[in-house]
Amino acid sequence: MSTTQSMMGLYKTAKGPGNMELRQAPVPEPRPNEVLLEIKAAGICGTDIHIKHDQFPYWPPVIMGHEFAGEIIQLGSQVTDFKIGERVVGEPHTKACGKCELCRTGNIQLCAQKRSPGWGIDGAFARYLVMPTHLLHRIPENMSDEEAAIVEPAANVVQDVLERGKVEPNDTVVVIGPGAIGLLSVMAARAAGAGKVIVVGTAKDLPFRLKVAQEIGADEIVLADEGDAVAVVQRMTDGRGADYVVEASGSPRAIASAVGMVRRMGRISQIGLTGKPEISFPWDAAAWKVCTILFNLSTGYTCWDRTIGMIASKKIDARKVITRIEPLQNWELAFDDAEHARGLKALLIP
Ligand SMILES: [Zn+2]
Ligand SMILES: [Zn+2]
């Protein structure tokens with residue numbers, strides 16, 4: 001392997017909406033503490049859609065893609081703890097400084113210096129990617145490359161719903177928004193022993209997404225646009241409210257409704273983003289609920305191996321959220337799908 005070889009990469013070429021194209025790029029050379037990965041599968045994330053539309057920070061020209069599975073094909077000169085041929089996933093926290101308060105307290109994912117592959121530095125929508133070894137996690141033999149590409153988004157869910165949201169046995173859990181993150185949340189909550197799981201969607205989710213929700217263990221489906229979702233949740237819980245609400249829709253109306261759904265002293269986890277500078281929120285009603293609202297961003301160390309184990313054991317069945325697999329050159333089809341919420345997770349194979 002040498003830098004004279006080249007590869008195709010899906011670039012965000014410049015600031016502004018759009019500005020995406022496949023371009024020739026040199027194959028990167030691993031530094032002493034890095035490995036070169038051959039990317040086997042890479043997922044399209046809501047973040048990629050935001051980058052496409054100029055709604056998320058990024059440093060162009062940059063190869064996009066931060067959710068990936070790869071095989072190690074070259075070792076940097078100082079790498080001793082990984083071998084060629086091992087299959088891995090990687091935490092997208094490259095360039096975290098290691099010195100700031102957040103890094104020193106184990107939260108490198110929130111370091112201001114961090115530059116993730118896919119928006120800060122070149123990412124995984126290309127055949128090859130370099131990664132520092134301290135961010136890698138091995139994946140077991142019984143996990144496919146496609147399932148492994150779901151580890152990153154699932155790790156977000158495992159952190160947000162299990163580690164921070166702390167689902168307890170028999171909890172009544174409401175998941176608002178049946179996209180890939182919402183449905184991964186349903187499976188995570190089920191695995192943690194949730195009692196009743198209620199999924200809130202809209203009529204457009206009925207033909208496909210809410211069917212999958214039922215397959216993976218949602219007990220009740222509520223259509224927010226065809227009635228009063230708060231009243232339905234209250235009725236289903238005999239007026240008590242849900243122990244825990246996962247907001248994975250980013251809809252301002254849904255966010256406000258979470259306060260009406262949660263029980264007194266219950267928990268609400270934010271996962272969805274609104275894309276707006278501010279929204280209207282029932283502050284006093286939340287105060288009367290004495291509820292805890294948990295905000296979330298990115299993935300800490302502990303959720304990665306936990307997620308890999310849960311996907312390997314099918315407690316989280318990653319296959320349920322993979323609805324499209326395309327070669328890299330068909331990226332526009334896959335992005336279009338993701339953007340119009342037609343399927344769940346689309347993967348690109350570079
Ligand atoms: Zn993502
Ligand atoms: Zn730092």
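Proline 61 sits in the loop between helix H1 (46-52) and strand E4, where helices (H or I, at least four residues) and strands (E, at least two) are DSSP runs numbered from the N terminus. A cis peptide bond joins proline 60 and proline 61, with omega at about -5°. This is a predicted model, in which local features need pLDDT of at least 70 and side-chain atom pairs count only at pLDDT 80 or more, while totals for chains, interfaces and linings use all residues. Residues are numbered from 1 along each chain as its sequence is written, and chains are lettered from A and ligands numbered from 1 in the order in which they are written.

**The three-stranded sheet**

Strand E4 brings us to an open sheet of three strands, ordered E2-E1-E4 with antiparallel pairing; two strands pair if DSSP finds at least two bridges between them. Strand E2 (20-26) and strand E4 (62-63) stand at the edges with a single partner strand each, so one side of each has no neighbour in the sheet. Strand E1 (residues 6-12) pairs with E2 in the antiparallel sense over seven bridges. Within this pairing, methionine 8 has glutamine 24 in E2 as its bridge partner. The loop between E1 and E2 holds asparagine 19, a residue that has a positive phi of about 55° although it is not a glycine.

**The six-stranded sheet**

Another open sheet has six strands in the order E11-E10-E9-E12-E13-E14, with parallel pairing. Its edges are E11 and strand E14 (292-294), each with a single partner strand, so one side of each is left without a neighbour in the sheet. From one strand to the next, the twist averages 20°; here axes are lines fitted to C-alpha atoms, for helices over the stretch in contact, and angles run from 0 to 180 degrees between N-to-C directions.

At one end of that order, strand E10 (residues 197-201) and strand E11 (residues 220-223) pair in the parallel sense over four bridges. The chain gets from E10 to E11 through helix H6 (residues 209-215), in a right-handed β-α-β crossover; right-handed means that, with the strands pointing away from the viewer, the path from the first strand over the helix to the second runs clockwise. Isoleucine 198 has glutamate 220 in E11 as its bridge partner, and glycine 201 stands opposite leucine 223 in E11.

**Helix packing**

| Helix pair | Angle | Axis distance |
|---|---|---|
| H4 (residues 151-164) and H10 (residues 302-312) | about 110° | 8 Å |
| H4 and H5 (residues 180-191) | about 55° | 9 Å |
| H7 (residues 229-236) and H8 (residues 252-261) | roughly 25° | within 9 Å |

H4 and H10 are therefore roughly perpendicular to each other, on a scale where angles under 35 degrees count as roughly parallel, over 145 as roughly antiparallel, 65 to 115 as roughly perpendicular and the rest as oblique. Residues are in contact if their C-beta atoms, placed from the backbone, lie within 7 Å. On the H4 side this contact includes Val151, Ala154 and Glu163, and on the H10 side Trp304, Arg306 and Ile311 are among the residues. By class, the contact of H4 with H10 has nine nonpolar, three polar and two charged residues; Ala, Val, Leu, Ile, Met, Phe, Trp, Tyr, Cys and Pro count as nonpolar, Asp, Glu, Lys and Arg as charged, and the others, Gly among them, as polar.

The angle of H4 and H5 makes H4 oblique to H5, and their crossing is right-handed; a crossing is left-handed if the near helix is turned anticlockwise from the far one by less than a right angle, and right-handed if clockwise. Pro153, Ala154, Val157, Val158, Val161 and Leu162 in H4 meet Ala180, Ile181, Leu184, Ser185, Ala188 and Ala189 in H5. This contact of H4 with H5 divides into 11 nonpolar, one polar and no charged residues.

Finally, H7 and H8 are roughly parallel to each other, and H7 passes H8 in a right-handed crossing. Ala229, Val230 and Val233 in H7 meet Ser257, Gly260 and Met261 in H8. By class, that contact of H7 with H8 has four nonpolar, two polar and no charged residues.

Key: Contact = placed C-beta atoms within 7 Å.
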